[in-house]
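Please open the structure in a viewer and keep the selection panel at hand.

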Amino acid sequence: MGRIVLDKVTKRFGSVEVIPPLDLTIEDGEFTVFVGPSGCGKSTLLRLIAGLEDLSSGKIEIDGSDVSAVPPAKRGLAMVFQSYALYPHMSVRKNIAFPLRMAKLDQAEIDRRVSNAAQVLNLTDYLDRRPGQLSGGQRQRVAIGRAIVREPSAFLFDEPLSNLDAALRVGMRLEISELHKRLETTMIYVTHDQVEAMTMADKIVVLRAGNIEQVGSPLDLYNQPRNRFVAGFIGSPRMNFLEGAVAAKHGAHAIGFRPEHLGLSLTEGEWKGKVGVAEHLGSDTFLHVHPENGGETITVRVDGEFSARHGDIVYLTPIADKIHRFAADGLRIQ
Amino acid sequence: MSRAVTTRRKTINTVLAWSIGFLIFFPILWTILTSFKTEAQAINDPPLFLFFDWTLENYAVVQERSDYMRFLWNSVIIAGGSTLIGVMIAIPAAWSMAFVPSKRTKDILLWMLSTKMLPAVGVLYPIYLIFIELGLLDTRIGLVVVIMLINLPIIVWMLYTYFKEIPGEILEAARMDGASLREEIIYVLTPMAVPGIASTILLNFILAWNEAFWTLNLTAAQAAPLTAFIASYSSPEGLFYAKLSAASTMAIAPILILGWFSQKQLVRGLTFGAVK
Amino acid sequence: MATQHSRSAARFMMAPAVILLLGWMLVPLVMTLWFSFRRFLPNRPDIVPGWVGFDNYVRFVTSSAFWPSVQTTLIIVGGALLITIVLGVLLALLLDQPMWGQGVVRILVIAPFFVMPTVSALVWKNIFMDPVNGLFAHLWRAFGAEPVVWLSDAPLFSIILIVSWQWLPFATLILLTAIQSLDSEQLEASEMDGAPPLSRFFYIILPHLSRAITIVILIQTIFLLSVFAEIFVTTGGAFGTRTLTYLIFQRVLESQNVGLGSAGGVYAIILANIIAIFLMRIVGKNLDA
């Protein structure tokens with residue numbers, strides 16, 4: 001069980017309000033990702049749930065009981081930290097066993113659970129090493145192992161992959177997702193990387209300056225961004241925005257269209273432009289096109305190889321039903 | 001910086017550094033050498049460096065005259081006791097300052113250090129009276145308490161700087177793992193800070209060992225440590241160079257050896273964690 | 001990382017240290033203040049104790065020994081600081097150079113720090129500075145010079161020499177640690193920029209050392225202000241080596257004039273506080289950096 005309800009939660013540091021009143025429900029078993037640019041309050045929110053920070057007002061419920069005043073150890077949550085926060089003076093085995101030792105479990109049970117976790121996480125061969133002798137990915141797994149042995153009602157992840165190199169990050173992403181499928185326990189995951197959010201989440205919470213900008217499934221957010229901020233934050237490369245006369249033609253203050261929702265032609269199209277930088281990834285090609293009328297650079301994604309070079313003239317046409325329209329206050333126009 | 005250095009340059013450095021090192025160490029070396037001479041050889045003109053009749057006679061005389069072991073034991077108890085009690089009081093305080101800093105933390109820290117600047121002589125008589133009143137005069141307990149108090153600010157300060165290097169996330173992890181505050185300090189913080197705590201203990205042991213003002217003024221016969229042992233040679237026995245040297249060597253040898261063996265930790269401790 | 005819970009725990013855990021130090025500071029301080037306003041000579045039953053107002057303060061400050069003792073204190077502290085820092089920087093620069101047996105040199109240099117003040121004072125006084133049998137006297141005579149009577153002809157210099165010898169290891173090691181922490185790329189960059197060694201020292205190394213020098217000044221001042229054994233053993237306060245600390249010691253313990261000595265103690269505390277505030281400002285600023 002792990003249904004977490006935030007009710008009018010606020011957090012102030014001195015006179016600075018980091019989290020304005022915020023309501024959020026995380027259903028049992030859900031993989032929820034808090035995503036947003038740095039300083040948006042997502043880590044603070046996680047720490048409030050963990051109990052590492054006090055609420056300024058409001059309350060937090062886990063499975064129906066108010067835990068606002070309960071110390072972190074008693075909330076039945078486990079946390080994986082950005083720096084892994086392994087105990088450097090303990091072996092891997094002792095690290096994983098530490099929460100169980102604190103819970104005063106008997107040794108046989110501790111051994112059983114530790115070897116189980118080690119098996120699940122492929123750590124069996126490393127149990128007697130110190131964290132300092134492990135690679136980044138292995139340390140990450142130890143941190144996760146330390147979290148799962150407690151059989152918590154929910155897992156909290158604070159940017160757990162940001163210290164890993166790119167290749168490892170993809171692998172660990174899959175591992176955590178698989179762990180979630182197997183354990184079916186609530187997980188709350190904080191990241192600034194929208195790709196992580198999109199690939200892992202059941203539910204994404206987009207935060208900006210402590211405010212929830214939108215809550216929804218990855219595809220909801222992709223297809224129906226509630227405002228310009230979410231539209232620009234979700235999706236890679238980011239959405240193109242145009243304002244002024246072009247937008248007015250669509251009855252909006254601004255229009256947005258994703259690089260993958262543009263038609264590209266060498267002969268005709270809605271906008272004419274010159275290719276600036278062309279990024280050839282093999283599977284896709286990204287062209288950064290400078291429109292002829294001198295507007296902002298438009299990014300366009302083309303499948304596979306596309307042999308365009310700097311200075312080539314191309315024509316772009318947005319796919320009509322994939323255009324997002326936004327009002328002057330940034331909100332989406334349906 | 002790995003860069004080729006000419007052998008010539010390195011030789012010059014070596015000769016220069018060794019000469020200066022020798023010069024700085026010379027007073028100690030000379031004292032040790034003199035302690036093995038006879039009184040006549042000790043004041044021989046020209047001075048005898050290595051070629052004299054080595055003798056242990058002075059050590060025997062010194063030991064006979066004053067009970068060296070008793071002074072040594074007092075020094076060990078006073079320095080050791082004050083340091084250990086100080087560390088036990090300072091660890092929780094340093095934890096608070098390092099991991100739950102408030103606006104006043106820095107002020108408290110500086111205030112603590114400023115009590116160290118309080119001239120001891122300004123409060124000598126009151127302490128003297130209090131000691132008489134409590135029957136602490138010339139007791140080891142009394143000195144343990146006083147020396148613990150005068151070194152406490154430095155112990156807190158050093159531990160604070162070491163604790164600050166430990167990432168707070170690890171302590172938070174322990175908290176999430178269900179550790180109580182006591183368990184967090186015993187199982188996580190202290191083992192992680194062992195090198196820092198070791199240097200703190202070491203440096204304060206040495207400071208306590210060498211403390212001369214309070215040990216000279218608050219002890220007589222019973223609790224007197226080695227500082228008092230050596231002060232009793234100030235005059236006129238000071239004129240017996242060989243015996244003075246033997247007594248001096250006996251007074252500094254334990255700490256000199258301890259210091260050399262733990263040089264690495266000590267250098268770290270010496271910088272008070274303030275210089276990385 | 002602070003919750004209400006951990007903040008109250010922090011206050012609780014800081015309490016023993018704070019209360020002990022507060023007691024250690026306040027109780028004797030209040031007693032000293034009290035004595036300082038009284039006529040109090042415990043060894044003279046014929047003199048009746050009583051309130052004398054600011055008499056002790058006036059007498060202490062107008063006594064011919066007062067200003068010279070303040071001056072002596074400042075000269076000893078200032079002199080020792082100057083010598084240990086200048087020599088400490090030079091020595092640290094040298095020890096940072098590549099050489100053979102650096103570890104051994106470090107052991108030699110650090111040694112004086114372990115020597116208790118009473119021992120170093122006695123050894124210097126007798127075995128080195130004695131005008132007849134001291135090693136310096138032998139040395140002087142070997143060059144045909146008249147031996148110097150160190151402790152009466154150059155008493156302050158002698159004491160500063162002893163104290164500096166004791167504290168040079170401390171200064172050197174802190175400064176050496178600081179130099180070793182200097183990013184070598186910074187030095188290489190300045191070398192690429194064409195800075196000669198001397199300007200590299202003044203523009204890069206010295207500013208980098210400022211924090212370490214501050215620490216050395218702070219810690220050494222604390223200890224140097226209360227230099228006692230070195231004077232107690234060598235000159236006993238004679239020949240103009242009577243520091244404020246020593247003057248008060250004499251008033252309180254030797255002439256058993258507790259009232260007068262306590263007034264002196266209050267002056268010493270004020271002097272120490274002036275220096276402390278001054279130092280704390282610098283250190284407080286350097287603490288966060």
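At which residues of chain C does UniProt place the feature "transmembrane region"? The unreviewed entry gives residues 12-35, 74-95, 107-124, 156-179 and 261-283 of chain C; UniProt positions follow the numbering used here, feature names are shortened, and annotations may be inferred rather than shown by experiment.

Before continuing, please note that this is a predicted model, in which local features need pLDDT of at least 70, side-chain atom pairs count only at pLDDT 80 or more, and totals for chains, interfaces and linings use all residues. Residues are numbered from 1 along each chain as its sequence is written, while chains are lettered from A and ligands numbered from 1 in the order in which they are written.

**Chain C.** Select residues 12-35 of chain C: this stretch is 100% helix and 0% strand, with its end C-alpha atoms 34 Å apart. Helices (H or I, at least four residues) and strands (E, at least two) are DSSP runs, numbered from the N terminus. Next, select residues 74-95 of chain C, which are also 100% helix and 0% strand; here the end C-alpha atoms are 30 Å apart.

**Chain B.** Colour chain B by secondary structure to find 14 helices and zero strands. Of its 276 residues, 54% count as buried (20 or more other C-beta atoms within 10 Å of a residue's own, C-beta atoms being placed from the backbone).

**Between chains B and C.** Display both chains together: 86 residues of chain B are in contact with 86 residues of chain C (C-beta atoms, placed from the backbone, within 7 Å). Helix 1 (residues 7-34) of chain B supplies the largest share of chain B's side, 16 residues. That side comprises 61 nonpolar, 19 polar and six charged residues; Ala, Val, Leu, Ile, Met, Phe, Trp, Tyr, Cys and Pro count as nonpolar, Asp, Glu, Lys and Arg as charged, and the others, Gly among them, as polar.

**Between chains A and B.** This contact takes 18 residues from chain A and 14 residues from chain B. On the side of chain A, strand 6 (77-80) and helix 2 (92-102) each supply at least two residues.

Select residues 4-234 of chain A, listed by UniProt as "domain: ABC transporter" in an unreviewed entry. Over this range the chain is 36% helix and 26% strand. Finally, centre the view on A:Leu156, which touches residues including A:Leu46, A:Ile49, A:Met79 and A:Ile188, not counting residues up to four places away in sequence.

Note on methods: Contact = placed C-beta atoms within 7 Å. Buried ≥ 20, exposed ≤ 12 C-beta atoms within 10 Å, placed from the backbone.
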